[in-house]
Amino acid sequence: MRALIFHGPGDVRVEEVPDPRPGPGDVLVQVEVALTDGTDLKAFRRGHPLLLGDPPSPFGHEFCGIDVATGRRVVAANSAPCGACGPCRRGSETLCENLLPLLNGAYAELLVVPERIARTNLLPVPDRLAPEVAALVEPLACCLHGVDRAGVADGDDVAIVGAGPIGLMLASCVADRGARPVVVGGRPERRELAPLFGAQPGDGAGAAVVIEAAGTEEAWRRAVELARPGGTVVLFGGLPQDAEPRVDAYRLHYEELTVRGAFHHTPSTVRAALAFLASGARPWERLITHEVGLAGLPALFADPPRDYLKAAVRL
């Protein structure tokens, strides 16, 4: 089969590789469409400590496809908690000690979903839901988890630092809680999309909750600056392992800010995300601005167009 293989930062290649062979309980999926995302773009540029194995490594993790054995259209999240380790027993499924390896390799014609993920996080797609929209289930599930971590409540003013696909999905999740999201920063053409996803562009100063959604040191600092005294800051976008962002220590201590990380998703947020997508509550398709084949992915990652949000990769 054809697959996009990661060989190192800035080096991805379309190659002919052996068809994957499912083991007991695994599910073989013919990929209909895969989506690009910000994590993949960061991984292309600098590698990734969790998503990618040692090079050469399969690549891509957002997809929708056909279960080869049953013919049904399915989506899957890229991991599943074990349910038995200490964090799982405490309800901290995103900290599962056996979460790795993550499902990877969606930029390919075929993909094997391992038994544990197939048992827990492989879901049938509703008939009315377009496959490219269904493929948004994994990042939207992460956003729902991030809003849970933020403790967003009805009526809260919530600033979201970043106006990319994740920022807009976070805005939708915040608005769905009855809170008031404000999208901070980003290009003007992205900020114009904010009302479609339940938010308004603004400066976000004095928000009860601030969610960082850009994955840069500057955005982490900005998130701490925007929170009101006693507010909550959620750091959603990951940084490189060697990053040491400077934040306002005075504010953290004397203004009693709460700072939390947010990573990944849970089985419950995966199911909630698929239902949210199927509801048609937001124009999710507006998040997908480009369409490419496998051969077009290296150039897209190397030089994303200005109007790029996410691309649908047709297999």
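I began with strand E9 (residues 157–161) and strand E12 (residues 207–212): they run parallel and are joined by four bridges. I am working from a predicted model. Within this pair I looked up isoleucine 160, whose bridge partner in E12 is isoleucine 211.

I then turned to strand E10 (residues 180–184), which runs parallel to E9 and is joined to it by five bridges. Here I noted valine 161, with valine 184 of E10 as its bridge partner. I checked burial next: four of the five residues of E9 are buried, so E9 is largely enclosed by the rest of the structure.

Sheet order. I read the strands as E11-E10-E9-E12-E13-E14, an open sheet of six with parallel pairing. Its edges are strand E11 (200–201) and strand E14 (258–261), each of which pairs on one side only.

Peptide bonds. I looked up two cis bonds. The bond from proline 55 to proline 56 is cis, with omega near -5°. I place proline 56 in the loop between helix H1 (38–46) and strand E4 (57–58). The bond from leucine 100 to proline 101 is also cis, with omega near 0°. For proline 101, the loop is the one between helix H2 (86–89) and strand E7 (110–113).

Positive phi. I looked up two residues on either side of E14. Glutamate 256, in the loop between helix H9 (249–254) and E14, has a positive phi of about 50° and is not a glycine. Histidine 264, in the loop between E14 and helix H10 (267–279), has a positive phi of about 75° and is not a glycine either. Which of them is buried and which exposed? I find glutamate 256 exposed at a relative accessible area of 61%. Histidine 264 has 7% relative accessibility and counts as buried, the cut-off being under 20%.

Whole chain. I count 11 helices and 16 strands in the secondary structure. The radius of gyration is 19 Å, close to the 20 Å of the globule rule for 315 residues, so the chain is as compact as a globular protein of that length. I get a span of about 60 × 45 × 40 Å for the C-alpha trace along its principal axes.

Of the 315 residues, 51% are buried. For contacts with a separation of 6 or more, I find that 69% come from residues 24 or more positions apart.

Surface and charge. I have about 13,700 Å² of accessible surface, with 49% belonging to carbon and sulfur atoms. I list 31 positive and 39 negative side chains, and the centres of the two sets lie 3 Å apart.

Key:
Residues numbered from 1 in each chain as written. Predicted model: local features only at pLDDT ≥ 70, side-chain atom pairs only at ≥ 80, totals over all residues. Heavy atoms only, no water. Rg over C-alpha atoms; globule rule 2.2 N^0.38 Å. Buried < 20%, exposed > 50% of the residue type's maximum accessible area, 1.4 Å probe, protein only. Contact = heavy atoms within 4.5 Å. Areas by Shrake-Rupley, 256 points an atom, 1.4 Å probe, with all protein chains shown as cover. Lys, Arg positive; Asp, Glu negative; His and termini not counted. Charge placed at Lys NZ, Arg CZ, Asp CG, Glu CD. Pairing = 2+ DSSP bridges.
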